[in-house]
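Take a first look at the fold below.

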Amino acid sequence: MSNTSLHILNGQCLYDYLETNNLFKEGIYIPFNEAMCVGKVTDLPFTSSFIAKRPRVHHITASDYEAITLNPLAPLLQTDLNKHFDEIHLYFDHDMFCQMNLLTLLAYLDTMHFTGKVNFHLIYTDFINKDLQAIQIYPLSCSGYADIYRKVFMKKEIPSAPLMPVLQKGIRLYLNTFDDDWEVLTFIKEHKNLSDRKLAALLLQTFTAYGLGDVQYLDLINKVRLKIEYHYFSI
């Protein structure tokens, strides 16, 4: 095993900020450019069926998905993890968006039987000028997270296994999105007279715990306005 660490960041913005400001330290840094709280998944992450399904979720081509999501993850997906890395660090904040991405990565590490050290760094949502300063660092064992992933994403159930409070809260928020009376849907219906852009901006300010972006909110607003009755986050 080489003495190398892999650092997985919560998205392209954090990666670009660290790169621009020369803040990378020892190890390999990569962004996780997915939105696992949106759309259908498969019972294991990053299988061929998973990779075939996710571009449709994001309304992009397979080649775009490869460029945006898969290529940056090459050190994670295309290497023998136990041979190349002795520790993996995961940097995500507390919102539902980030926590579902974190759960996916932990499940993947479980399926790959990674035996090195894994540390989850709970970081600030506003990382500017904080670099990678962590609110808290959780040493983790990845064993069992593939089952938790399936319980949450496939069965839409609360797992019985003990979890970090921040992940447990993220899972509960994710499962809220499948309720017919989900607070975000109600809010959209109650503010139907606002323009799409103004309503999306208001949603961003009001429901910060979900961590959704304007793209997700604009898509959801459109579906609600068209009165298409389905669970948005399961499509």
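A residue counts as buried when its relative accessible area is under 20%. Keep that cut-off in mind while reading this predicted model.

Start with helix 6. How many of its 16 residues are buried? The count is 15, so helix 6 is largely enclosed by the rest of the structure. At 1.5 Å a residue, helix 6 should span 22 Å. Its end C-alpha atoms lie 23 Å apart, which agrees.

Now look at the ends of this helix. Aspartate 95 caps the N-terminal end of helix 6. One of its side-chain oxygens sits 3.2 Å from the backbone nitrogen of phenylalanine 97. Just after helix 6 comes histidine 113, with a positive phi of about 55°.

Next, the core. In soluble globular proteins, nonpolar side chains tend to be buried together. Here the largest nonpolar core has 68 residues. Within that core, Leu76 and Met100 touch the most other members. Helix 6 supplies the largest share of the core, eleven residues. What does methionine 100 touch, leaving aside residues up to four places away in sequence? Its contacts are Met36, Cys37, Val152, Phe153, Leu167, Gly170, Ile171 and Tyr174. There is also a second, separate core of ten residues. Among them are Tyr15, Tyr17, Tyr91 and Leu132.

Turn to the aromatic rings. A pair of aromatic rings is described by the distance of the centres and the angle of the planes. The whole structure holds 13 aromatic pairs. In one of these, tyrosine 15 and phenylalanine 24 have ring centres 5.2 Å apart. Their planes meet at 50°, so this pair is tilted. Tyrosine 15 is buried, at 18% relative accessible area. Phenylalanine 24 is partly exposed, at 29%.

Compare the rings of phenylalanine 46 and tyrosine 108. Their centres are 5.8 Å apart and their planes stand at 90°, so the pair is edge-to-face. This pair links distant parts of the chain, 62 residues apart. Phenylalanine 46 is in the loop between strand 2 and helix 2, while tyrosine 108 belongs to helix 6.

Ring pairs join Phe46 and Tyr108 with Phe32, Phe50 and Phe92 in a cluster.

Conventions
Residues are numbered from 1 along each chain as its sequence is written. This is a predicted model: local features need pLDDT of at least 70, side-chain atom pairs count only at pLDDT 80 or more; totals for chains, interfaces and linings use all residues. Side-chain values use heavy atoms; hydrogens and water are left out. Rings of Phe, Tyr and Trp (its six-membered ring) pair if their centres lie within 6.5 Å; planes under 30 degrees apart count as stacked, over 60 as edge-to-face and the rest as tilted. Buried means under 20% relative accessible area, exposed over 50%, partly exposed in between (1.4 Å probe, protein chains only). Helices (H or I, at least four residues) and strands (E, at least two) are DSSP runs, numbered from the N terminus. A nonpolar core is a set of buried Ala, Val, Leu, Ile, Met, Phe, Trp, Tyr and Cys residues joined through side-chain atoms within 4.5 Å. Contact means heavy atoms within 4.5 Å. The expected span of a helix is 1.5 Å times one less than its number of residues. A polar contact is a pair of N or O atoms within 3.5 Å; within protein, one must be able to donate a hydrogen and the other to accept it, and residues adjacent in sequence count only if both atoms are side-chain atoms.
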